[in-house]
Number of protein chains: 2
Amino acid sequence: MLFLYGYDYTVEDLKSFRQLHSKTPGHPESTDCPGVEVTTGPLGQGICNAVGLALAQKQFAATYNKPNYTLSDNFTYCFLGDGCLMEGVSSEASSLAGHLQLGNLIAFWDDNQISIDGSTEVAFTEDVIARYKAYAWHILEVEDGNSDLAGIAKAIEEAKKVTDKPTLIRIKTTIGYGSLAQGTHGVHGAPLKPDDVKQLKSKFGFDPEEFFAVPKEVTESYQKHVESNLKVQKEWEATFAAYKKEYPELGAEVQRRLDGKLPEGWEKALPSFTPADKSVATRKLSEGVINALSDILPEFIGGSADLTPSNLTKATGSVDFQPPSTGLGDYSGKYIRYGVREHGMGAIMNGIAAFGANYKNYGGTFLNFVSYAAGAVRLSALSGHPITWVATHDSIGLGEDGPTHQPIETLAHFRALPNCSVWRPADGNEVSAAYKSAVSSTSTPHILALSRQNLPQLEGSSIEKASKGGYVLKEASKPDVILVASGSEVEIAVNAAKLLEAEGKKVSVVSIPDFLTFDKQSDEYRLSVLPDGAPVVSIEVMSPFGWSKYSHEQFGLSRFGASGKAEDVYKYLEFTPEGVAERASKTITFYKGKEVLSPLTRAF
Amino acid sequence: MLFLYGYDYTVEDLKSFRQLHSKTPGHPESTDCPGVEVTTGPLGQGICNAVGLALAQKQFAATYNKPNYTLSDNFTYCFLGDGCLMEGVSSEASSLAGHLQLGNLIAFWDDNQISIDGSTEVAFTEDVIARYKAYAWHILEVEDGNSDLAGIAKAIEEAKKVTDKPTLIRIKTTIGYGSLAQGTHGVHGAPLKPDDVKQLKSKFGFDPEEFFAVPKEVTESYQKHVESNLKVQKEWEATFAAYKKEYPELGAEVQRRLDGKLPEGWEKALPSFTPADKSVATRKLSEGVINALSDILPEFIGGSADLTPSNLTKATGSVDFQPPSTGLGDYSGKYIRYGVREHGMGAIMNGIAAFGANYKNYGGTFLNFVSYAAGAVRLSALSGHPITWVATHDSIGLGEDGPTHQPIETLAHFRALPNCSVWRPADGNEVSAAYKSAVSSTSTPHILALSRQNLPQLEGSSIEKASKGGYVLKEASKPDVILVASGSEVEIAVNAAKLLEAEGKKVSVVSIPDFLTFDKQSDEYRLSVLPDGAPVVSIEVMSPFGWSKYSHEQFGLSRFGASGKAEDVYKYLEFTPEGVAERASKTITFYKGKEVLSPLTRAF
């Protein structure tokens, strides 16, 4: 299709389907394939992306459209199969799309009654149509999706008329229609056999001996579409030019967003702190940043998966993104009530980012429940969507909710994911640095792991230093040991250093709020933070997996947490200045007399 | 409730609610709280556990009940709230429960219209009843769930009469009923204020000045229930004694299962291999083990999330677990068609394990999509459910499907999860060892990462050696370097060793199929595998996170994979004998003249 529409593909590209380095990989990826808007393959993600695209369109249109100036009125189209409908993530997003009355969303259910295990009768006998009616969707049906093209076109026109409900068009089809193996899952993943291809081409009026050939009338027909699309584009450009004259301020804002630029000097709004400022939970500091940015960044929209009062994700005075008819907000609202739908939220966030217009959207939940959305987070990273998770209650420090809510493996999981920035700020300056990184990102998702408990403003931190992903917070000359930590453990490391100094030991303390950002710094800088000559001990109340990149010895948790007061739990698990100092002392003894190279120095 | 029913709780236990080391943590955990059947807290898991419990009951009853001998006929009850209904995982399991016609499942929807963000009107306005009807559930409604106890009791009796559909009983309630803050989310997570407690107790006829006191009539009322339950237990024991006489073979089997024992010598059925045997994909070897065990272990049941022909999870000739009316199987069937519902499958597997009767149940999907089920896997590990993921297509070796399907972070994620065995076998003997570990486990979930591509039967492997989680596959005396790998990379390491040996270097090769099992071996054994004196290089085509436990230098992937033929992708990313040998040579050079301690030797 993209080839026919004139995107940057050649017939040679099509011939190298599923081959290494081709533009036509096994599943289409938005980063490598021109014209592909979202990376799909994992089932259920596409419909959620579509909900995000439609949501963003509504928000953009409500914010910028003016009488006689329609800057945005597009529909979002999505194909989904039986497998997508079985996945819970599609249920979450579809329920929300119905609630939000996204009349600009049109989805086609390719109802071919086949999945990998054979007939859908073996596992999927629910009444999909009734379910989508229950979600308040508009339903249309095309009985013969194999050949009734007029019926499909008519359904699309009908769907466009319903403005307060998303539409599901059920299209009954035969998988592999026309093939000798039609109606079986055999046509899903394997190429058709040569004689089957031959009879199929003959059946549909093509030359059975021609391969990778496009009949002239097909090329011409698509070319006509391209031309009419270009005309639409020209008309839009004229509208926008007039809009800029009549609404110079808004016009400039839209232009800036389309250019993918942030307002000049936006980062000056980020709060900074000194040690004289009081102790505050990093989730609360995050709320401060959201408040500061909300006023100056119209593209900074977001919400929470039903944890608003815990995640502190709602800017003061912000309006809910809601259908006006609910009386709860309107479509220009910037705050999204996702409900308890973490995976759906993650996949919808990807869709909002894919809409363009520089959307920098965020979603809140507890860090532990970002795992529910692992499938979507992976696609954020693979697709380069600059979305942000406001992931509060980031450790055993959440206290009483206990092991079911206390992350252990979570940071290792997402740090091991390529192109995923996982910030765990230790104080207010680091929170500001984390948001600076997140909002200015154009191709990297961010997870901000934020504390429930109060943390002090650290001596030695600054937005600038933290923006390097890792820095020396407290420097000793020729240290006996370097303590490296993140988040709430940085304070403990600083206090452990004091205990060790009282014993005459020299200790440096390093804060590494984000591995990915630190890894991007120069070798020289990184070696200045973690130099040769001193053993490094990492401290983090989670799985130590991954910390060997920056430390010789790791103090972490290889067990689940415990329910109790945060301070009791920390003490029980020995994450105290004394517990850290003891391990640091053992490390000093262990490495005494040995040559110690920086953990950054590797054999290859 | 458990206190009133006479479980092992004292009033002191209740007073220490949410305190460290109490029996009454923030969320009830099955491992620490007597009488708690499944660990809950994370929303949506409970109803899926209930589906698993009900599924197991049906399977057990259909397998063992005989005319006049009803060994099992219990109902499974479940409470769920608005939040649970919003989670996609509950949609997945509920759809399947309807398909499976689980009439033994009765769920109560606590419809209080409140979640953390306030009124459910802000995000959850779908028609839940219509949705559950679409899933083919039986629906009952109780208008006044606050005080109409007779109405609730009547609904339960009605629900029991419907045998071919699960029942959802909608109970309209007021959250915090009777409190001054009733009807608000303020009563969800915070204790009531003292004056509120006082008025509440007065309102319901309790002494407002008494605390932690149980009126005598309440104690007596519950005691009566306990007595009648004991009577039921006695009757069941008599039935089972008679059953054992009439059906000695089946009776002994049930007794063995209730004792949590496997049949004597079951592990002899596990196939073993020699290097003369042909190269086979480990997913195919896994199929061989499933076939071998299926006949001798009635408790070994499982299925796939719609990837049966890819996961190879179905034993030859096995019957589907299906409602007999579908004509597709029956309730004594051992093969479960989960549909494309990975998260639901994971949570249902936990429920099947929680049923008891020694169920050892497994579920298949691609390794990359175990991540969709991360929330459930975490609870398997926390609760100690011995379930097994048959996780095929375990790496870039899956080839053409490309980065959306190729795991990078997945092994690091689950290895960082406490009490999760993550096996990545390198050949047939290791596959058998993995299943030996999985099936004999009583409290640890297993993820078996299995290849799509063929792997040779290795010289030096055996079920016994692999059962230690890590072992020396090829030993050199005083090696210059030790290569350690898992799965498909072990063969590459062996071939790299040959290249290095041709250059006069001495090389040992170690296979570590499972970190958790290896960590449980004695220090002496582990140090014999990874001794002092030689640098260790790990090789795995995934994130290197975690491998520093067993290696000084790590060759892994810190990027996404690529779509192409498996051999092309391996070559491109340099996972070849040459690529490994080059890194090993650099490692030898780097460590030359340095004291090299085993990576197992740590400062603390």
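**A buried arginine and its partners**

Guide: R424(B) is buried, with a relative accessible area of 0% (buried means under 20%, exposed over 50% and partly exposed in between, with a 1.4 Å probe and protein chains only as cover). This is a predicted model, in which local features need pLDDT of at least 70 and side-chain atom pairs count only at pLDDT 80 or more, while totals for chains, interfaces and linings use all residues. Residues are numbered from 1 along each chain as its sequence is written, chains are lettered from A and ligands numbered from 1 in the order in which they are written, and side-chain values use heavy atoms, without hydrogens and water.

One partner of R424(B) is D394(B): the two form a salt bridge with their closest N and O atoms 2.9 Å apart (a side-chain nitrogen of Lys or Arg within 4 Å of a carboxyl oxygen of Asp or Glu). R424(B) sits in the loop between strand 12 (421-423) and helix 17 (428-440) of chain B, and D394(B) in the loop between strand 11 (388-392) and helix 16 (410-415) of chain B, so the pair ties together parts that are 30 residues apart in sequence. Helices (H or I, at least four residues) and strands (E, at least two) are DSSP runs numbered from the N terminus. D394(B) is buried as well, at 2% relative accessibility.

R424(B) also forms a salt bridge with E540(B), where the closest N and O atoms are 3.8 Å apart. Here the linked parts of the chain are distant: E540(B) belongs to the loop between strand 18 (536-539) and strand 19 (553-555) of chain B, 116 residues from R424(B). E540(B) counts as buried, at 1% relative accessibility. In chain A, salt bridges with shared partners join D394(A), R415(A), R424(A), E489(A) and E540(A) into one network.

For a contrasting case, take K15(A) and E12(A), whose side chains meet in a salt bridge at 3.7 Å, N to O. Both residues lie in helix 1 (residues 11-15) of chain A, 3 residues apart, which is about one turn of the helix. K15(A) is partly exposed at 46% relative accessibility, and E12(A) is exposed at 52%. Over all chains, the structure holds 55 salt bridges.

Salt bridges also cross between the chains: the count between chain A and chain B is 6. One example pairs the side chains of E409(B) and R378(A), at 2.9 Å from N to O. On the side of chain A that touches chain B, helix 4 (residues 88-99) of chain A gives the most, with 7 residues. Chain A and chain B each bring 109 residues to the contact (heavy atoms within 4.5 Å). The area buried between them is about 9000 Å², and carbon and sulfur atoms give 61% of it; this is the accessible area (1.4 Å probe) lost by two parts on being put together, summed over both.

Arginines are also among the buried residues of helix 10 (residues 248-258) of chain A, which are G251(A), V254(A), R256(A) and R257(A). The cover over these residues includes helix 2 (45-64) and helix 9 of chain A. Just after helix 10 of chain A, G260(A) has a positive phi of about 70°.
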